[in-house]
Amino acid sequence: MANTNSVTSLKRAMDFERDGRNFYSKAIEKTSSDMARSIFEMLMRQEESHLTYLAQLYDVMQATDSWPSEVTVNIEADFKMLFQEALKTIDTSIRVSTDEIQALEFAMNMELKGMEMYLELSGKATDPNEKELYSNLAVWEKGHAEFCEDYLNFFQDTGMRTEE
């Protein structure tokens, strides 16, 4: 029988990823900057892929009444590399609004909270595969937070940040 704590943890993870996806979707709607929109779109796709994976895992747990014997988790992106590639094409004459900066700061903090949550869930997990899953999700969220931080620092360092 599936451990009740495992099911509760998985639901909590799915809620977090769903909330993240919804936040990025709203940020996309509100932003006027193509650059900020592309950042939020990429992060939204990441959250959607996490949610899809977790939902599939949940379905397996419901069908088998146990934690899967194998959990395949791959880190989906090298965010440092993505940021470095993006730097090659950023037009530094474009300005990023205060609202967009605030949304990016919120995103960074949200991702850090997600990392902390996944580390907590990993620590509470009793199944080794479950521990590994949440440890890997913590790495994913840390990558997202660092990605946001890299952009925030770049916008500040290049003077792209506006006071609007």
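## Contacts of Y118

Setting aside the residues within four places of it in sequence, Y118 is in contact with A13, F16, E17, L54, Y134, L137, A138 and E141. These contacts, like everything described here, are read from a predicted model.

## The nonpolar core

Y118 also belongs to the largest nonpolar core, a group of 45 residues in which L54, Y118, L133 and Y134 touch the most other members. Two of these, L54 and Y134, are also among the residues that Y118 contacts. At least two residues of this core come from each of the helices α1 (4–30), α2 (34–64), α4 (98–124) and α5 (128–157). In soluble globular proteins, nonpolar side chains tend to be buried together.

## Aromatic pairs

The structure holds 6 aromatic pairs. One of them joins F23 and Y24 in an edge-to-face arrangement, with 5.3 Å from centre to centre and 65 degrees between the planes. Y24 is buried, its relative accessible area being 0%, and F23 also counts as buried, because its relative accessibility of 19% falls under the 20% limit.

F23 forms a further aromatic pair with F106, a tilted one with 4.8 Å between the centres and 40 degrees between the planes. This pair links distant parts of the chain, since F23 lies in helix α1 and F106 in helix α4, 83 residues apart. Whereas F23 is buried, F106 is partly exposed, with a relative accessible area of 48%.

Technical notes:
Residues numbered from 1 in each chain as written. Predicted model: local features only at pLDDT ≥ 70, side-chain atom pairs only at ≥ 80, totals over all residues. Heavy atoms only, no water. Core = buried A, V, L, I, M, F, W, Y, C linked by side-chain atoms within 4.5 Å. Buried < 20%, exposed > 50% of the residue type's maximum accessible area, 1.4 Å probe, protein only. Helix = DSSP H or I, 4+ residues; strand = E, 2+ residues; numbered from the N terminus. Contact = heavy atoms within 4.5 Å. Phe/Tyr/Trp six-rings, centres within 6.5 Å; stacked < 30°, edge-to-face > 60°.
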